Amino acid sequence: MKRKNFLFVSIAMAAVFCFFLPVGCGIDQKITAPTGQFSLLRERLCSLKMPVIPQEAAFQENRKDSSHILKKRGKAVFPWDVFPLEFTFSSGAGAWGSYFTLHQDGFFEGLFHNSEMEETGDDYEVTFYTCRFSGQFTQVRQIDDNTFSMVLEGLSTEEPAGKEWTWDNARYISSQPSGLTGGTEFLFYLPPTPLSGLSEEFLSWWPYHFMEDSDGFETLSCYGIRNMATEEGFFTYE
């Protein structure tokens, strides 16, 4: 994946989303409030009534109301009534990204996609790396007024990495969710965490990082999750 330092979604990338995101139209509609950039984009694309990828059809048909699962899963590990929260890890250009919904008990579920327009073949014109994933943040412990430490456990994907299939002139390869692999120790930041205590590498993934100097930002204006092993960061959208 090549890193890009600007925030836009091109027409070409919108077409990429039309391939991938509609297959996730039902992933969390029962348990996630329709807020945030990811929800709005997903709802818009779902309204196009794009066809479902055959390999995903069984998942959507068998998925039931998740509210009963939430009640049985576990007690709240975060002390604030702001959940569910939607987090994004992306370059901002739209070609790739990991998106997940975090619940108050530490459970999360999400989608990953990466589009490679140059990877083509005789029976496909583009390659998409993709996965549905879920996991749990446990051992949540408060460090200071704005920071909590937590441990990632049980990260799993629906399909094993490397599984391939083709559909509608596109090749799909199951993958791992970027931003969550490579480490188990994470930090959870509340707004308004002072920027002075955060690493530049982590902040480089913050969508408003480019405005930090020009607008005089001194604190984080959203929730953030930091992978301590890789310094990659997920953020909510204001």
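Predicted model: local features only at pLDDT ≥ 70, side-chain atom pairs only at ≥ 80, totals over all residues.
## A residue in strand β8

Let's start with Leu 187, which sits in strand β8, covering residues 185–189. Strands here are DSSP runs of E with at least two residues, while helices are runs of H or I with at least four residues, and both are numbered from the N terminus. Leu 187 has 13% relative accessibility, so it counts as buried. The label "buried" means under 20% relative accessible area, "exposed" means over 50%, and "partly exposed" lies in between (1.4 Å probe, protein chains only).

Which residues does Leu 187 touch, not counting those up to four places away in sequence? The answer is Ile 143, Thr 147, Phe 148, Ser 149, Gly 224, Ile 225, Arg 226 and Met 228. A contact means heavy atoms within 4.5 Å. Phe 148 is 39 residues apart from Leu 187 along the chain, yet their C-alpha atoms are separated by 5.7 Å.

Residues are numbered from 1 along each chain as its sequence is written, and side-chain values use heavy atoms, leaving out hydrogens and water.

The score pLDDT is the predictor's confidence in each residue, from 0 to 100. The chain averages 74, and 65% of the residues score at least 70. Over residues 1–72, pLDDT stays under 50; the model has 118 contacts beyond four places in sequence for this stretch.

## Cysteines

A disulfide is a covalent bond between the sulfur atoms of two cysteines. How many disulfides does the model contain? The count is 0, using the rule that a pair of cysteine sulfur atoms must be within 2.5 Å. Cys 131 is buried, with a relative accessible area of 7%, and Cys 222 is also buried, at 3%.

Most residues other than glycine have a negative phi, and most peptide bonds are trans. The bond from Phe 83 to Pro 84 is cis, with omega near 5°, and Pro 84 is in the loop between α4 (67–73) and β1 (85–90). Another cis bond runs from Pro 191 to Pro 192, with omega near 10°; Pro 192 lies in the loop between β8 and α5 (200–203).

Gln 139, in strand β4 (residues 126–142), has a positive phi of about 50° although it is not a glycine. Gln 139 is exposed, at 56% relative accessibility. Glu 231 has a positive phi of about 65° and lies in the loop between β9 (224–227) and β10 (233–235). Glu 231 is buried, with a relative accessible area of 14%.
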